[in-house]
Amino acid sequence: MNAVDVTADVWLPIPADEVEGLPDPATTGLTYRYWDGLTDFPADPADCAFYVVPYMKGTEIAVRPLAAMTSLRVVQTLSAGVDHVTPGLPDAAPGVALCNARGVHEASTAELTLALILASLRGIPGFVRGQDREEWRAGFYPALADKSVLIVGYGSIGEAIDDRLAPFECARVVRVARSARTTGRGPVHALTDLPRLLPEADVVILSTPLTEQTRNLADAAFLARMKDGALLVNVARGPVVDTKALLAETGSGRLTAALDVTDPEPLPAGHPLWHAPGVLISPHVGGSTSAFMPRAERLIVEQLTRFAAGEPLRNLVLTTG
């Protein structure tokens, strides 16, 4: 990548004066424009060369300026997934680099994954309801120890989840990704191995990106292969799971689920998932913690420093053709 032109605009969803360490406009020629997706465009989109997409504002906002960004060279998301941006890429000029936020969300999402697993297994939602009613709900509850865990989607978030499972004395942790490989923690199986791996898992964690290959990955056939009493945890994207099929399995009491993401999302009032037996729902907060902003700002600074110097960017997902 060549060094930037002297007139390059950068659109940031965070005010530039709140981000420490940004390349100096006086020496790089970068001009920082603040756009959070909820206000009018801060300048002519045609002058924008580097677009940092507003975080968690949805596809409509994310893609709104793309067609008019005729000088665009980089789209940087602040999410690990890029499915909210890709619908607008056909409107972008050829040669635009799309980069994701690998390294920003791993800690927070892995923390929530463990929280959802432990809360579901140990009956925490029932304890909360019992406290509201002043009921002492003693009993015998499952432990994570001695369980077999299957991680479906072994990118950086899957690896972070694996790291945090290590102290919990799981019987085994099995890893699945798009293609097979070997890691320091053990082998990673291909997605094609799922049919034989699912019946052995007590906990199945979904941490895949949303692609055409993973949309409705956890369909009726997938769920039917899970063992009786297993827990499905989705920290990926809502459409990775077939909601109707999941409702059938949880409604019968055969499976339980912990979902940070749903389809549809946000989950509307009156939707049957809200009251499905054995289902714990968090409102897509896997990355929304105090750990997000420092990591997001560090990524923005590093990427813009590389961009200004004409150096290769991190986290390149694709380049438009």
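1. Let's start with a term: a salt bridge is a side-chain nitrogen of Lys or Arg within 4 Å of a carboxyl oxygen of Asp or Glu. Keep in mind that you are looking at a predicted model. How many salt bridges does a search of the whole structure find? The count is 13.

2. Take Arg 237 and Asp 83 as a case. Their closest N and O atoms are 3.2 Å apart, and the two form a salt bridge. Arg 237 sits in the loop between β11 (231–234) and α8, while Asp 83 sits in the loop between β4 (74–76) and β5 (97–99), so this pair ties together parts that are 154 residues apart in sequence. Buried or exposed? Arg 237 has a relative accessible area of 19%, so it counts as buried; the cut-off is under 20%. Asp 83, with 22%, is partly exposed.

3. Next, look at Glu 200 and Arg 172, whose side chains meet in a salt bridge at 2.8 Å, N to O. Glu 200 is in the loop between α6 and β10, and Arg 172 belongs to strand β7, so the pair joins parts 28 residues apart in sequence. Glu 200 is partly exposed at 39% relative accessibility, and Arg 172 is partly exposed at 38%.

4. Two further spots deserve a glance. Glu 212 and Arg 215 have side chains that meet in a salt bridge, with 3.9 Å from N to O. Here Glu 212 is exposed, at 68% relative accessibility, whereas Arg 215, at 42%, is partly exposed. Elsewhere, salt bridges link Asp 228, Glu 249 and Arg 254 into a network.

5. Now for the rings. The structure holds eight aromatic pairs. One of them is Trp 11 with Phe 41: the ring centres are 5.3 Å apart and the planes meet at 55°, so we call this pair tilted. Trp 11 is in strand β1 (residues 9–12) and Phe 41 is in the loop between β2 (31–34) and β3 (48–52), so parts 30 residues apart in sequence are tied together. Trp 11 is buried, at 0% relative accessibility, but Phe 41 is partly exposed, at 33%.

6. Trp 35 and Tyr 51 make another pair, with centres 6.4 Å apart and planes at 40°, so this one is tilted too. Trp 35 comes from the loop between β2 and β3 and Tyr 51 from strand β3, 16 residues apart. Trp 35 is buried at 1% relative accessibility, and Tyr 51 is buried at 0%. Which residues do ring pairs link into a cluster? They are Trp 11, Trp 35, Phe 41 and Tyr 51.

7. On to the nonpolar side chains. The largest nonpolar core has 31 residues, and Leu 150, Val 204, Leu 206 and Phe 222 have the most contacts inside it. Elements that each supply at least two residues of this core include β6 (148–152), β10 (203–206) and α7 (220–225). Setting aside neighbours within four places in sequence, Phe 222 touches Leu 194, Leu 198, Val 204, Leu 206, Leu 217 and Leu 232. Apart from this core lies another, of 27 residues, including Leu 12, Ala 49, Cys 99 and Ile 300.

8. Last, the cysteines. The number of disulfides is zero. Cys 48 is in none, and its nearest cysteine sulfur, that of Cys 99, is 14 Å away; a disulfide needs the sulfur atoms within 2.5 Å. Cys 48 is buried, at 0% relative accessibility, and Cys 99 is buried at 0% as well.

Technical notes: Residues numbered from 1 in each chain as written. Predicted model: local features only at pLDDT ≥ 70, side-chain atom pairs only at ≥ 80, totals over all residues. Heavy atoms only, no water. Buried < 20%, exposed > 50% of the residue type's maximum accessible area, 1.4 Å probe, protein only. Core = buried A, V, L, I, M, F, W, Y, C linked by side-chain atoms within 4.5 Å. Helix = DSSP H or I, 4+ residues; strand = E, 2+ residues; numbered from the N terminus. Contact = heavy atoms within 4.5 Å. Phe/Tyr/Trp six-rings, centres within 6.5 Å; stacked < 30°, edge-to-face > 60°.
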